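I opened my notebook and began with the overall form.

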Amino acid sequence: MRRSDVLTAILDKWPGKNVFGIYRFLPLFFFMGAALEYAMINWDFKNKVNFYRTYKRRQIEKLADEALKKNST
């Protein structure tokens with residue numbers, strides 16, 4: 001069996017094909033996206049970098065730059 005045949009067989013076994021068509025996979029992708037978002041926010045890399053800390057640092061840098069520009073003029 002080729003790889004595409006195996007993939008087709010697995011996808012055909014997913015329930016809801018007649019009723020929902022291609023949209024039957026939406027719950028799967030919703031939960032995969034939620035898991036990715038959770039990982040980006042809560043998982044650290046050597047306790048230094050994660051998505052949330054990087055976002056907050058950039059926001060602070062942006063506010064500091066705006067304050068410096070405002071005070072310098």
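I noted the ground rules next. This is a predicted model, where local features need pLDDT of at least 70, side-chain atom pairs count only at pLDDT 80 or more, and totals for chains, interfaces and linings use all residues. Residues are numbered from 1 along each chain as its sequence is written, and side-chain values use heavy atoms, with hydrogens and water left out.

**Entry: overall form.** I looked up the span of the C-alpha trace along its principal axes and got about 70 × 30 × 20 Å. The chain has four helices and zero strands. Helices (H or I, at least four residues) and strands (E, at least two) are DSSP runs, numbered from the N terminus. Buried residues make up 7% of the 73 residues. Buried means under 20% relative accessible area, exposed over 50%, and partly exposed in between (1.4 Å probe, protein chains only).

**Entry: the annotated stretch.** I checked UniProt. Its unreviewed entry annotates residues 21–41 as "transmembrane region". Such annotations may be inferred rather than shown by experiment. In the model, residues 21–41 are 76% helix and 0% strand. The end C-alpha atoms of this stretch are 33 Å apart.

**Entry: Arg24.** I found Arg24 in the loop between α2 (17–20) and α3 (26–42). Is Arg24 buried or exposed? Arg24 is buried, and it has no salt bridge. A salt bridge needs a side-chain nitrogen of Lys or Arg within 4 Å of a carboxyl oxygen of Asp or Glu. The nearest side chain of opposite charge, Asp12, is 4.7 Å away. Lys and Arg count as positive, Asp and Glu as negative; His and the chain ends are not counted. The Arg24 side chain does reach the backbone oxygen of Leu11, at 3.2 Å.

**Entry: salt bridges.** How many salt bridges are there? I count two. Asp12 pairs with Lys17, with the closest N and O atoms 3.1 Å apart. Glu61 pairs with Arg57 at 3.9 Å between the closest N and O atoms. Both Glu61 and Arg57 lie in helix α4, four residues apart, about one turn of the helix.

**Entry: Thr54.** I found Thr54 in helix α4 (residues 51–72). Thr54 counts as buried because its relative accessible area is 18%.

Definitions and conventions:
Polar contact = N/O pair within 3.5 Å; in protein donor to acceptor, adjacent residues only side chain to side chain.
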